[in-house]
Amino acid sequence: MTMKEEGVQEQSDVRETPDEDTGKGSAFEGVYDRLPNISIKALDRFILLCVLGLVAVVAAGILRANHVF
């Protein structure tokens, strides 16, 4: 083999596995797959509670700013 052929061979061996994100439509699609032993319902409920808590904190801040609360 010549030097050029060896360089081509080495470059082709560098990428044996494709990237994990190839072909995914969203960055969050693989999140559920990476969380073992957690049901999707439990995770969705946790996210819902976090969103409701954020809304409550923002609403309390608005009411305090208007001297209502």
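1. A word on terms before we start: helices here are DSSP runs of H or I with at least four residues, strands are runs of E with at least two, and both are numbered from the N terminus. F46, for example, is found in helix 2, which covers residues 40-65. The protein has two helices and zero strands.

2. Please keep in mind that this is a predicted model, in which local features need pLDDT of at least 70, side-chain atom pairs count only at pLDDT 80 or more, and totals for chains, interfaces and linings use all residues. Residues are numbered from 1 along each chain as its sequence is written, and side-chain values use heavy atoms, with hydrogens and water left out.

3. On burial, residues count as buried under 20% relative accessible area, exposed over 50% and partly exposed in between (1.4 Å probe, protein chains only). Buried residues make up 3% of the 69 residues in the protein. F46 is exposed, because its relative accessible area is 51%.

4. F46 also belongs to a nonpolar surface patch with Y32, I40, I47, V51 and V55, and together they have about 560 Å² of accessible area. Areas come from the Shrake-Rupley method with a 1.4 Å probe, and for residues only the protein chains shown count as cover. Patch members have over 30% relative accessible area and no salt bridge; nonpolar side chains (Val, Leu, Ile, Met, Phe, Trp, Tyr) are joined within 5 Å, like charges within 9 Å. A salt bridge means a side-chain nitrogen of Lys or Arg within 4 Å of a carboxyl oxygen of Asp or Glu.

5. There is one cavity of 30 Å³ or more, and the largest cavity holds about 30 Å³ of space. A cavity is a set of points on a 1 Å grid over the protein atoms alone where a 1.4 Å probe fits but cannot get out, and lining residues have an atom within 4 Å of a point. Grid points are joined across faces, edges and corners, and the volume is the space filled by probe spheres set on them. Y32, L35, I38, S39, I40 and L43 line the largest cavity.

6. Finally, take a look at H67, in the segment after helix 2. H67 has a positive phi of about 60° although it is not a glycine. At 73% relative accessibility, H67 is exposed.

How values were computed: 1 Å grid on protein atoms, 1.4 Å probe; cavity = no way out; pocket = protein on both sides within 12 Å on 5 of 7 lines; lining within 4 Å.
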